[in-house]
Structures are given as structure tokens and as C-alpha cells.
Amino acid sequence: MATYLIGDIHGCYREFLALLEQVDFNPDKDTLWLTGDLIARGPDSLAVLRHVKQLGSAVKLVLGNHDLHLLAVYAKISRNKPKDLLDELLAAPDIDELINWLRKQPMLQIDDDLKLVMAHAGLTPQWDLETARMCAHEVENILCSDSYPLFLDEMYGDMPNNWSPELSGLARLRYSTNALTRMRYCFPNGQLDMICKSKPEKAPAPLKPWFELPRKIPEDYSIVFGHWAALEGQGTPAGIYALDTGCCWGGELTMLRWEDKQYFRQPALIKKS
């Protein structure tokens with residue numbers, strides 16, 4: 001029995017299968033954690049979704065910003081961008097089934113036995129663990145409901161960028177979604193900056209990567225995230241693991257075996273020009 005964690009797959013199906021083959025992944029006894037952004041930008045989002053869905057309870061995943069965008073495109077709230085390579089997926093005969101499955105997936109994974117937390121973008125320093133659970137559940141509940149198109153229509157936007165327990169309604173849901181799926185940088189007080197996408201060494205003062213600010217969750221919990229391919233898996237403090245290494249951009253798909261912290265990597269099979 002082993003726990004494997006893989007960064008953003010982004011439709012890179014062949015690399016995903018090759019990585020599972022490297023470790024002889026067995027869904028009957030192993031567990032697979034996925035950091036979100038299963039789809040878009042890579043060549044075979046449809047095959048990735050079908051395969052992950054078929055793995056059933058062997059998978060623990062979180063939704064990423066591209067996964068949420070797919071839900072908005074399906075609901076005809078947002079435009080299908082050609083660069084996301086989603087046409088085959090959207091035209092698939094089982095698209096309704098796949099969408100209904102996808103929108104019922106978690107925004108956050110917490111394993112209190114493993115002392116492990118996973119969110120697509122990370123965990124805002126303004127939240128303690130219980131607040132993170134609560135806010136993630138609120139977004140999950142609206143996505144599972146018949147009102148999910150209303151939320152998706154209001155999901156886009158950078159404000160509010162400061163957490164307060166007094167936030168309510170769609171503003172609260174938007175903050176939580178941004179913190180869980182889009183966050184990279186924060187101001188020193190923990191407010192989100194939703195603009196800067198530079199590498200940390202090029203970020204303007206006073207911005208800091210979210211993981212460099214003091215955190216409110218217990219120090220014995222580790223945090224695993226994806227989303228930030230420009231990090232190339234490097235530069236995070238002990239106990240914080242960045243797993244998006246840009247496979248869809250010609251980089252690698254990265255896997256971490258939790259029990260011994262061994263990394264496995266599969267280079268992109270189609271190099272970007």
C-alpha cells in the first residue's frame with residue numbers, strides 16, 4: 001500500500017499512464033492524490049477524465065481553476081478557448097456524466113492520519129485548518145447543487161481579496177475559490193494578490209509567495225499543491241510540496257510517493273516549440 005501524489009495533469013494522458021506504470025500503481029491497494037487541473041492545455045483531456053473517474057475510490061483529487069472553467073464552459077457561462085484543447089471533451093457522448101461527476105469532487109483534501117493537506121493553489125495564510133475545511137465545503141456544496149451555474153457566473157473576479165468571517169454569499173464563495181484555486185502571492189497581511197504570476201525572485205515588493213508567510217495551520221501538517229508551474233517544484237519550505245512541473249508546457253509530470261518522499265518524473269512526450 002502506497003500513497004502517490006501527482007501534480008497538474010492538464011490532459012497529458014500518455015505521461016500520466018507512463019508515470020503510473022513507473023510505480024506499478026495498483027488501485028486495489030494504492031491511493032492516488034491529484035492536485036487538480038486534470039484538463040486543458042494538453043492533448044487528451046477526455047481520456048484523463050475518463051481514466052481518473054474509472055479509478056473510483058482509489059483517487060483523492062481537488063478541483064483546479066481549469067476544472068472549474070470547464071464547468072463554466074459546459075454551462076455556457078464562459079467561452080471555450082481554443083488554446084485549452086477542450087473540443088473533443090465537450091463533444092464526447094459521455095460529457096454530461098463526466099461533468100456531473102467532476103462538479104461533485106472536493107476543493108480540499110485533508111488526511112488527519114497522514115497530517116496531509118492538498119489544495120490546487122495552496123492554503124491562504126489567513127485560514128486555520130477548520131476555516132479551510134468550512135470554506136471548501138461551502139464551495140463544494142454549491143457546485144453539487146442545482147444552483148451551481150449561478151455561482152459559476154459570479155466566480156470570476158479578483159475581489160474580495162481579504163478574508164473575513166463576515167464575508168457572505170457569492171463574495172465569500174469567490175474569495176474561497178480564488179484562495180483554493182488561483183492564489184500565488186499575498187501581501188504581508190495575508191491579503192491575496194491575484195495579478196502577479198512572476199517567479200518569486202522577480203515578484204515586486206511587498207508581495208510574497210503564500211507559503212513564505214506565517215501560517216495558521218499546525219506545523220505538523222504538510223501542504224501539497226499544484227497550479228504554479230513556474231516554480232518547477234522548487235523553492236518551498238520544508239513540509240510544503242509544489243508538484244506542478246509544467247508537463248503541458250514541455251516540462252515533466254511529477255509524482256511523490258508519500259511514505260518515503262521519493263519522486264518519480266515523466267518528461268513530456270510532446271515538446272513545446
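What follows is a chat about helix packing, pockets and a cavity.

Modeller: Ground rules: this is a predicted model, where local features need pLDDT of at least 70, side-chain atom pairs count only at pLDDT 80 or more, and totals for chains, interfaces and linings use all residues. Numbering runs from 1 along each chain as its sequence is written, and side-chain values use heavy atoms, with hydrogens and water left out.

Colleague: Why are helix 6 and helix 7 called oblique to each other?

Modeller: The axes of helix 6 (residues 129–144) and helix 7 (residues 148–155) cross at roughly 125 degrees and come within 7 Å. Axes are lines fitted to C-alpha atoms, for helices over the stretch in contact, with angles from 0 to 180 degrees between N-to-C directions. Under 35 degrees counts as roughly parallel, over 145 as roughly antiparallel, 65 to 115 as roughly perpendicular and the rest as oblique. Helix 6 and helix 7 are therefore oblique.

Colleague: What makes the contact between them, and which classes are in it?

Modeller: V139, I142 and L143 of helix 6 touch Y148, F151 and L152 of helix 7, contact meaning heavy atoms within 4.5 Å. That contact has six nonpolar residues, no polar and no charged. Nonpolar covers Ala, Val, Leu, Ile, Met, Phe, Trp, Tyr, Cys and Pro; charged covers Asp, Glu, Lys and Arg; the others, Gly among them, are polar.

Colleague: And which residues join helix 1 to helix 2?

Modeller: On helix 1, Y13, F16, L17 and L20; on helix 2, A47, V48, H51 and V52. By class, that contact has seven nonpolar, one polar and no charged.

Colleague: What makes something a pocket rather than a cavity?

Modeller: On a 1 Å grid over the protein atoms alone, a cavity is a set of points where a 1.4 Å probe fits but cannot get out, while a pocket is an open set with protein on both sides within 12 Å along at least five of seven lines; lining residues have an atom within 4 Å of a point. The largest pocket has a volume of about 730 Å³. Of its 30 lining residues, N65, H66, R184, K197 and H227 are the closest to the centre. Its lining has 10 nonpolar, nine polar and 11 charged residues.

Colleague: How many cavities of 30 Å³ or more are there?

Modeller: One. The largest cavity holds about 80 Å³, and its lining includes W127, W210 and F211. That lining divides into nine nonpolar, one polar and two charged residues.

Technical notes
Helix = DSSP H or I, 4+ residues; strand = E, 2+ residues; numbered from the N terminus. Points joined across faces, edges and corners; volume = space filled by probe spheres on them.
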